[in-house]
Amino acid sequence: MQAVTFPTNHADLTRLVGGGRQWALIAIGLGLAAALPYAVNSYVLGYATLVLITAVGAVGFNILVGWTGLVSLGYAGFLAVGAYTAGFLMSKWGWSVLAALPAAGIVSGLVSLLVGIPSLRLKGLYLAITTLAFSVITNHLILLAKPITGGSAGLRVPRPVVFGIDMTSDRALYLICLFVLALAVIFALNIRRSYVGRALFAIRDYEVAARVLGVNVVAYKLLSFALSSAVIGIAGGLFGMHLRYLNVESFELILSIEAVSIVIVGGLGSVAGAILGSGFMVLLPEMTRLAFSAAGGSLGGVFSSNAQEVKGVIFGLVIILFLRFAPSGLVGAFRRLGARIRRWPLAY
Amino acid sequence: MTRKLTLLSATIAAIALTAAAQAAEPGVTATEVKLGGSTALTGPGALVGIAHDLGEKVAAAEINDAGGINGRKLVRYFEDDGYVPSRTVQAMRKLVEIDEVLGVTASSGTASTIAALPLAEEKGVPMLQTAAQNTVMFNPPHKNLFGVGRSYGPGTTEFVKFLAGRTDKSAKWIAVVQDDDYGDDVQSGYEKAVKELGLTSVGVLRYKRGQKEFSAEIVKAKQLGAKMIVSGAIIGENVAMAKEMKRIGLDAQLAILWSGRIPQLIDLMGEAGNGVIAADYVGEFSDPAGQAFMAKAKKYLTADELTKLNRYSLTGYVGIMLMADAIKRCGQEVSRACVIAKLETAKDVQTNGLTSPINLSADNHVAELKLSYTIADFAKKEWVPLAK
């Protein structure tokens, strides 16, 4: 039986991941994820790709919401900025995806400063409304900037060939998304274990105390906005390549609500939680549809004729249930389950 | 030895069967032909999507009752995309990869259709769009995509010319259009007609998509002395405009395009909608062809479903009829490529009188149908045909 291990030194506290067992789990997870496209059909692969893209965005969103404690509803706006930047650069200027994706991150990060600066004096609901307004404005600007975005007609996004890999193949796009997610996770974990991460946690936990300790609150809040939005922007670039077509209708406000749901359901402040939450929330409607279909009869009919309404109800219920019974999200639930298994048959 | 031979024969037969199964065309078996579609069955677009689905349902039931297409039963797969392009892409994947449909007869709107096109092109799936014909969808043309209806630009030009024939020459005209690709097409068609006929236009007002309140636009139209208002709106916006005109007391003629011409619109507009003129490329439920359709609908749909029918049911019906015609002309060798080839040679395809005959060609993937005109009659709660 294994007891709980507490970190006792600086090296333990700043490790990228927990230890040998976690590295093994990550290796197995990555191996399975890399093998997935060779085992499933294109439809399942489409969902898996969407999970990975959502996870990239959620890992970025978690930096702002989970680590810095800034409530944002601007996810859809930053995603749109990244998607249109990468889409424009690839389709109009013929940029390689290797250049377009970082550019999407940089532009999205810079744009976030526009929102970040006025929001330095705002907190909680006020900040949420400000960022929500940003998403609304972004959608209007997309419609107005017709030469760049195609306006309401939208923008076609090519899937280029990178290092001889034809990305028109869904499998190649999936693997690229997996690679980008791995990079995003390493990036986020490195931020978390660095001075920057500790500063963000300090701001989240007690801003005044952080200031007293010498943390430049203004600079770190802005940095949090920029880092978070940059990662979300890269997710937007991938989203555009996945859809192969961008239109303002793809970036509706519900995306921002879903992003908040993902980090709550996964486990606020946890990178693993952001990934688990993405998988859970993206697949939830499809899983529910399959469950309803399997049930057949009138239950199956309910979902086939009221899919979006049922989805909305389930989304709401899941968030309420998680907040009430598992506020630490899926990650917390898994940790508790793991601890129970390790300590079994003892209760404590 | 005999056992070995039997085993060998069985193995060869299994391999042959597997190879035959692999070589089989997607969406076609000896007994079935599968067609798919994806529209909004929920949310704000459901009024359109559900009606379209029901029209297809009637057409499929009629075809199957008559023995199917060359003896093959028509099976439909329909997905709800909520009018969101990203969901259309996923729905399209399901239809093409899981359900393995032969062709797609419905997609929500312009954005959804364009979003679904790359996959359709990759897999060679023929796609039909019978509800919306925006320039952006067909320019540049796509091998797989076919449109049936009336392009918004030329359709608006023709509509304005019809209206001008009924209006005092000194009347002032104005257009109120949505700020999207649909609005762009309506605006270009309106401006072309104004120029060609030398009409007095006092301007084009653009409104934000999803706008609910139109007092500013209607007050401006009143100030400018407009007597003819050409609306480039869909459903809810037309309702808001008509009500605002009545509230403000603007005595002008409101003219709307087919995208908003549904029976429910008359209910929604109330008395304010009395006298609104509409253009459309599908007929009326009160026409002989419409009545024949309703007779079939009563046979194949439930009482609840019957209440959800509107013009989009007719576009859905027409789409299935056109696709069935192309599949039929492929004979027993049905394939996606063959259906595309046959659609490109569709000539005078009849739709049981619901529209003018459909003609398509390799160079022209949009069948421009003849427009007819109706006026909203609040007392009868229906669109009454207008004489030319």
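Me: What counts as a salt bridge here?
Reply: A salt bridge is a Lys or Arg side-chain nitrogen within 4 Å of a carboxyl oxygen of Asp or Glu. The model is a predicted one.

Me: ok, and which residue does A:Arg244 form a salt bridge with?
Reply: Its partner is B:Glu122, and the closest N and O atoms are 2.7 Å apart. The pair crosses between chains. A:Arg244 sits in the loop between α11 (217-243) and β4 (245-246) of chain A, while B:Glu122 belongs to helix α4 of chain B.

Me: are those two buried or exposed?
Reply: A:Arg244 has a relative accessible area of 11%, so A:Arg244 is buried. B:Glu122 is partly exposed, at 41%.

Me: how many salt bridges cross between chain B and chain A?
Reply: Three are found across that interface. Another crossing pair is A:Asp170 with B:Arg93, with 2.8 Å between the closest N and O atoms. Five residue pairs are also in polar contact across the interface of chain B and chain A, both residues at pLDDT 80 or more.

Me: which elements of chain B touch chain A?
Reply: Those giving two or more residues to that side are α3 (85-98), α4 (110-123) and α7 (181-197) of chain B. The most comes from α3(B), with nine residues. By class, that side of chain B has 12 nonpolar, six polar and 12 charged residues.

Me: how much area is buried between the chains?
Reply: About 2600 Å² is buried between chain B and chain A, and carbon and sulfur atoms give 52% of it. On the chain B side, B:Thr42, B:Gln90 and B:Arg93 lose the most area to chain A, together 21% of what that side buries. The contact involves 30 residues of chain B and 31 residues of chain A.

Me: switching to chain B by itself. what domains does it have?
Reply: The domain assignment gives domain 1 (32-150 + 287-370) and domain 2 (153-280). Their C-alpha centres lie 29 Å apart.

Me: and how many residues are in contact there?
Reply: 16 residues of domain 1 of chain B are in contact with 15 residues of domain 2 of chain B. Between them the two domains bury about 1200 Å², 45% of it on carbon and sulfur atoms. In domain 1, B:Leu47, B:Arg150 and B:Arg311 lose the most area to domain 2, together 46% of what that side buries.

Me: how many salt bridges between the two domains?
Reply: The count is two. B:Asp280 pairs with B:Arg311, the closest N and O atoms being 2.6 Å apart. Six residue pairs are in polar contact across the interface of domain 1 and domain 2 of chain B, both residues at pLDDT 80 or more.

Me: what about B:Glu97 and B:Lys123?
Reply: Their side chains meet in a salt bridge, 3.2 Å from N to O. B:Glu97 lies in helix α3 and B:Lys123 in helix α4 of chain B, so the pair ties together parts 26 residues apart in sequence. B:Lys123 is partly exposed, with a relative accessible area of 37%.

Me: and which residue pairs with B:Glu344?
Reply: B:Lys143 does, with the closest N and O atoms 3.1 Å apart. B:Glu344 is in the loop between α14 (336-343) and β11 (366-368), and B:Lys143 is in the loop between α5 and β5 (145-149), so this pair ties together parts of chain B that are 201 residues apart in sequence. B:Glu344 is buried, with a relative accessible area of 12%.

Me: which residues join into one network?
Reply: B:Arg261, B:Asp280, B:Glu284 and B:Arg311 do, through salt bridges that share partners.

How values were computed
Residues numbered from 1 in each chain as written. Chains lettered and ligands numbered in written order. Predicted model: local features only at pLDDT ≥ 70, side-chain atom pairs only at ≥ 80, totals over all residues. Heavy atoms only, no water. Domains from an automatic or database assignment. Contact = heavy atoms within 4.5 Å. Buried area = accessible area lost by both parts, 1.4 Å probe. Polar contact = N/O pair within 3.5 Å; in protein donor to acceptor, adjacent residues only side chain to side chain. Helix = DSSP H or I, 4+ residues; strand = E, 2+ residues; numbered from the N terminus. Nonpolar A, V, L, I, M, F, W, Y, C, P; charged D, E, K, R; others polar. Buried < 20%, exposed > 50% of the residue type's maximum accessible area, 1.4 Å probe, protein only.
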